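Colleague: I've got a model open and I'd like to learn how to read helices and aromatic rings in it. Can you walk me through?

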Amino acid sequence: MPSVRYRDHILRAYRRALQLAGQGDGRHDVGLDTKYDALGKSPSDSAGEEKEITRDGTSRPLLFIILNTALVAAYLGVFAYGVRDLIYGGFTSGLIYTPARSIVSYETRVIDQSVRTPFQGGPSLEADAAWIELLRYNNLVVQKYDVDQIGKPETSVQLRDKSGYLSGLDVIHELHCLNYIREFAYSDYYALHGQKKNKDEHIFHCIDHIREILMCHGDVAMHTYEWSPTKSEPVMKPQATHVCRKWEPIAEYARTHSPSHRNGPILEHPLLGIIYPTHINKTQAQG
């Protein structure tokens, strides 16, 4: 935990300061009250003499007061940091590095499966438009520092205009996989529209990726059951309360960090040359 590391640093610095205040003789440590002057005399041996003075001319009692005040202030700072992390970062402590972490916030939301959305039902212009908008910002730009933290910077793809590196929020990739499965389920319809989706390998990848992500996040929200007048077995209630990451800040982050097309082609393969005329993928090209 960060607060533990900060506390240890503070204690080490405090002990070092006390040793320096003892003029390097090693006789001062946390909790010791006896002080010695440069000649090795204790205060009782120097009654009537002036207050002990450190090498820099500072009164030792005053120095101890300053050190203790600084230690108390440091502990209060660590305590405040810990409380803040508990309140605001409890859900995200221990996460791997991501430049988008700062925009993550949470809300309690009742998800009601009985309420229809544009994403329900079979193929339609409305459904396709909803999915295109959801996946519009599938690719993002990150900087060298971010790539170094994420890992394998030497193999990461740099944009052609050197403005950053190609990246993306994994949640958009997961939604892309879900949409790919949706279109595969209606492959006859989408084949007629020039979007044949019968690549088994990609389908298997998408199904397994969604499985892994669902198990990774492990939603422990509870659903309950009720009796149906027409069925002999209990049926699951359509409503359940979940703790969700707010989607709007995530979508806004994706929008504001999408690659710019102002400088023409975005990517250039080191061997094959320019591979995307103006857009990285079909979803962005449809926007």
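This is a predicted model: local features need pLDDT of at least 70, side-chain atom pairs count only at pLDDT 80 or more; totals for chains, interfaces and linings use all residues.

Colleague: Okay, helix α8. Which of its residues are buried?

Modeller: General idea to begin with: an α-helix has 3.6 residues a turn, so residues three or four places apart point the same way. Now the case here: α8 runs over residues 247-256, and Ile250, Tyr253 and Ala254 are buried. They sit on the same side of α8, because they cover an arc of only 100 degrees around the axis.

Colleague: And what covers the buried residues of α8?

Modeller: The cover includes β2 (140-142), α5 (170-185) and β6 (239-245).

Colleague: On to the rings. How many aromatic pairs are there?

Modeller: A pair of aromatic rings is described by the distance of the centres and the angle of the planes. The count here is three pairs. One of them is Tyr97 with Tyr145, edge-to-face, at 6.0 Å centre to centre and 85 degrees between the planes. Tyr97 is in the loop between α2 and β1, while Tyr145 is in helix α4, 48 residues apart, so this pair links distant parts of the chain.

Colleague: What about Phe119 and Trp131?

Modeller: Those two are also edge-to-face, 5.1 Å centre to centre with 85 degrees between the planes. Phe119 lies in the loop between β1 and α3, and Trp131 in helix α3, so the pair ties together parts 12 residues apart in sequence. Phe119 is partly exposed at 35% relative accessibility, whereas Trp131 is buried at 7%.

Conventions:
Residues are numbered from 1 along each chain as its sequence is written. Side-chain values use heavy atoms; hydrogens and water are left out. Buried means under 20% relative accessible area, exposed over 50%, partly exposed in between (1.4 Å probe, protein chains only). Helices (H or I, at least four residues) and strands (E, at least two) are DSSP runs, numbered from the N terminus. The arc is that of the directions from the helix axis to the C-beta atoms. Contact means heavy atoms within 4.5 Å. Rings of Phe, Tyr and Trp (its six-membered ring) pair if their centres lie within 6.5 Å; planes under 30 degrees apart count as stacked, over 60 as edge-to-face and the rest as tilted.
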